[in-house]
Amino acid sequence: MKLVTCGLPYANGKAHIGHLRTYIPADVYVKYLRMMGEKVLFICGSDCHGTPIVVNAEKEGISPRELVDRYHEHFKKVFASVGIEFDYFGRTDSEYHHEMTKNFVKKLIEKSYVYSKEIELAYCPKCKRFLPDRYVEGICPYCGAVARGDECDQGCGRYLEPGEIKEPRCKICGTKAEFRKQKHYFFKLTAFRDFLLEYLDKVGGTENALNYARKWVKQELKDWCITRNLEWGVKFPGEDLVVYVWVDAPIGYISYTREACKNLGCDWEKIWVEGVKKEGDIKWGDIIHFIGLDIVYHHCIFWPAMLKGVEFALPSAIVASGMVKVEGKTFSKTRGYVVWVEDDYLKSGFNPDYLRYYIVNYTSHQKDLNFSWKVFMDKVNNELIANLGNFIYRVTYFAWKNFEGDVWSFNVKADDSVIKAVEKARNEIVKAIKNWEFKIASDAFMELASFGNNYFQSKEPWELIKSDKEKCAEVIANCLHIVKALTILAYPVLPFSMKEVAKIIGVDEFRMNKVNEFEKIKVLKKPKPPFKKVEEEKIEEMEKLMIDRIRKADEKTVKYVTIDDLSKLDLRVGKILRAEKVKKSRKLIKLEVDIGNEVRQIVAGIAETYKPEELVGKQVVVVANMKPAKLMGVESRGMILAADVEGKAVLLTPEKEVPIGSKVR
RNA sequence: GCCGAGGUAGCCUAGCUGGUUGGGGCGCCUGACUCAUAAUCAGGAGGUCGGGGGUUCGAAUCCCCCCCUCGGCACCA
């Protein structure tokens with residue numbers, strides 16, 4: 001039994017197209033495997049723990065459970081409505097999951113992979129509590145950007161260990177936090193370095209994920225703090241702490257498997273404990289994780305190490321989907337570049353199959369997918385409808401009109417070229433699926449549809465019907481064979497539409513080995529076109545909606561300041577006396593700037609637009625009371641103002657020469 | 001700067017263990033046809049295969065240098 005999983009959606013927001021980028025190809029994969037006769041278990045569920053959920057629930061004045069309930073049901077519903085059929089969709093806040101996680105952690109403790117250590121943690125004296133993860137905001141110790149407790153999300157993107165953050169502040173009340181000592185537990189991730197290198201070398205899946213992971217393992221592996229001060233989560237054995245959400249979330253794959261097996265009569269231990277083969281130090285399972293590029297670290301490093309720690313079977317493949325762009329821009333909920341599955345897509349009445357086709361067929365699974373409504377319309381109308389839909393409809397309708405759906409009273413036989421074309425499509429699909437190449441698979445059935453149109457056109461059955469009805473029947477019989485093949489081959493990508501077609505031609509089994517059986521296919525009822533066109537007006541409406549949303553998001557980010565705020569800044573005109581590039585840096589220039597009463601050393605990130613020599617003598621605006629900082633080891637005491645033109649700096653300079661040190665107001 | 005992934009016609013791409021005129025899809029132009037949701041079919045225009053060197057009888061494919069895009073890190077004060 002093969003196990004396929006999708007990264008667990010975090011029960012803290014609605015489903016968007018980024019989720020589907022991973023889940024739909026996974027579902028397509030599973031559907032194809034099943035058509036090939038493989039036994040597959042397809043598992044997913046909500047990730048319900050962690051501080052963002054607690055923080056958001058507090059904000060809304062509800063319990064974490066209530067918040068989770070809402071989004072859990074939402075995901076379940078949305079996935080079903082786009083045809084993603086999980087065998088089990090669990091949640092990590094359930095009893096069985098807590099039990100599984102506790103046992104897992106206990107085993108890690110028994111194997112001595114967990115140790116405790118006193119660490120200094122941010123503590124809010126006003127709220128009287130420790131501040132885990134997103135309860136705390138401060139300065140990233142690596143890059144100096146504003147960061148949250150667990151991740152430097154606006155700066156260098158690093159994952160931060162508890163206690164690492166500088167200048168912590170309570171996110172809830174804004175109070176300056178103090179550091180207090182507390183005992184926490186660590187997972188000996190460093191003990192798995194060699195194992196991970198070997199594992200990452202051999203595991204299957206897509207290269208995009210594995211390359212990153214290999215680098216991380218080589219560079220900066222640290223032991224991993226796995227406990228948090230929180231009520232909401234899985235209790236750490238014997239302590240008033242919960243385990244970190246990224247410990248319990250992947251264990252969800254196991255606990256959901258066990259629950260699924262209860263209903264389906266399989267054995268979860270065979271899948272997760274026994275595995276399918278041993279290869280030196282590695283016990284392989286037949287387990288495939290579909291994930292997004294953003295959770296590679298957890299699935300390629302933490303997770304295999306945890307599994308190895310308890311001597312469980314390891315995933316055989318990690319398949320990471322590329323990023324999503326919306327209308328050519330990086331996907332971003334806060335900036336409005338987002339497509340909500342329910343509110344935008346489903347409520348507008350679009351067939352879910354269209355989106356499935358778009359996501360699968362736009363580009364290779366590993367590459368970035370750009371979602372654009374215009375492209376969406378083109379792909380649906382010009383490819384799905386004009387080619388595939390049209391072929392299915394013209395054949396079935398022709399058979400219905402001229403033969404009442406039954407051509408088999410004539411003596412007809414299979415055309416060799418038709419059988420070959422179907423065989424080719426099937427072989428290509430089987431091969432593509434094994435390589436995670438879903439676009440190639442969907443291209444293959446589209447090519448078969450194209451072949452069908454060509455065949456129909458060149459045989460001219462509309463002429464034959466007048467002159468040679470038997471010959472005509474043979475052409476249509478062959479075309480119906482192609483229709484049947486298409487119905488089956490396209491089913492995993494277009495399940496809703498192909499099920500309808502299947503009813504019309506009396507196909508009740510979607511199996512790969514039935515695809516090229518030349519059966520007596522009849523048209524059982526009056527055919528309907530399998531797809532409806534996407535209207536241009538509707539697309540314009542969607543585009544307008546998106547533009548509005550982007551504009552609103554822009555407005556939201558405006559924060560007004562008072563004149564007092566402004567007066568906090570000591571802005572002055574300075575003159576650049578000397579400039580030289582900071583060694584080994586790309587953007588930085590070291591400047592000496594005369595600001596009237598003193599000469600300051602300032603480092604500015606402007607080397608991409610200016611050469612040092614052209615800066616000397618220029619008057620610039622300086623923030624004189626900027627907190628000193630070190631950049632690439634060079635001290636900087638001030639900041640030069642510049643316009644940001646698509647990431648490149650353009651200096652602000654007085655309109656005419658002014659006395660050095662002039663105040664800027 | 002370092003590490004990844006890339007740069008192939010307006011767009012998405014195949015080819016990349018070197019070898020006949022670099023394939024395909026969408027869009028575009030012309031023609032044909034009418035069974036079909038103006039769908040389909042035929043034909044066509046459109047490429048210095050990022051740039052420059054080199055190896056070779058022969059390179060999109062191999063080697064070197066450079067440029068650009070994206071992601072990650074080191075520095076966005």
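In this predicted model, the count of salt bridges comes to 40. One of them joins the side chains of Asp 27 and Arg 356, with an N to O distance of 2.6 Å. Asp 27 belongs to helix H1 (residues 17–35) and Arg 356 to helix H11 (residues 352–361), so this pair ties together parts of the chain that lie 329 residues apart in sequence. Both partners are covered by protein: Asp 27 is buried, at a relative accessible area of 1%, and Arg 356 is buried as well, at 0%.

Helix H1 also contributes Lys 31, which forms a salt bridge with Glu 85. The closest N and O atoms of Lys 31 and Glu 85 are 3.0 Å apart. Glu 85 is placed in the loop between helix H3 (64–81) and strand E3 (88–91), so the bridge from Lys 31 ties together parts separated by 54 residues in sequence. The two partners fall into separate accessibility classes, since Lys 31 is buried with a relative accessible area of 6%, whereas Glu 85 counts as partly exposed at 40%.

Asp 378 is partly exposed, with a relative accessibility of 28%. Lys 374 is likewise partly exposed, with a value of 41%.

Salt bridges also occur as a network, in which Lys 484, Glu 509, Arg 511, Lys 514 and Glu 519 are linked. Glu 535, Glu 536, Glu 537 and Glu 540 form a negative surface patch. Of these residues, Glu 540 is located in helix H18 (residues 536–556). The relative accessible area of Glu 540 is 47%, and the residue is therefore classed as partly exposed. This value meets the patch criterion, because patches are made of residues with over 30% relative accessible area and no salt bridge.

As for the overall fold, the secondary structure of chain A comprises 20 helices and 29 strands. Along the principal axes, the C-alpha atoms of chain A fill a box of roughly 105 × 70 × 50 Å. Chain A has 665 residues, and 53% of them are buried. A buried position in a strand is that of Ile 43, which is found in strand E2 (residues 40–46) and has a relative accessible area of 0%. From Ile 43 to Ile 589 the C-alpha to C-alpha distance is 53 Å, for a separation of 546 residues in sequence.

Helix H4 (residues 95–110) was considered in terms of its span and its burial. It consists of 16 residues, and the distance from its first C-alpha to its last is 23 Å, close to the 22 Å expected at 1.5 Å a residue. The buried residues of H4 include Tyr 96, His 97, His 98 and Met 100. Thr 101, Phe 104, Val 105 and Leu 108 are also buried in H4. Ser 112, which follows H4, has a positive phi, near 65°.

Most residues other than glycine have a negative phi. Glu 311, a residue other than glycine, has a positive phi near 60°. Glu 311 is situated in the loop between helix H9 (296–309) and strand E17 (317–321). With a relative accessible area of 47%, Glu 311 is partly exposed.

Glu 460 likewise has a positive phi, of about 45°, although it is not a glycine. The residue is placed in the loop between helix H14 (438–459) and helix H15 (461–467). The relative accessible area of Glu 460 is 38%, so this residue is partly exposed.

Technical notes. Residues numbered from 1 in each chain as written. Chains lettered and ligands numbered in written order. Predicted model: local features only at pLDDT ≥ 70, side-chain atom pairs only at ≥ 80, totals over all residues. Heavy atoms only, no water. Patch = residues over 30% accessible without salt bridge, like charges linked within 9 Å, V, L, I, M, F, W, Y side chains within 5 Å. Areas by Shrake-Rupley, 256 points an atom, 1.4 Å probe, with all protein chains shown as cover. Salt bridge = Lys/Arg side-chain N within 4 Å of Asp/Glu carboxyl O. Lys, Arg positive; Asp, Glu negative; His and termini not counted. Charge placed at Lys NZ, Arg CZ, Asp CG, Glu CD. Helix = DSSP H or I, 4+ residues; strand = E, 2+ residues; numbered from the N terminus. Buried < 20%, exposed > 50% of the residue type's maximum accessible area, 1.4 Å probe, protein only. Expected span 1.5 Å × (residues − 1).
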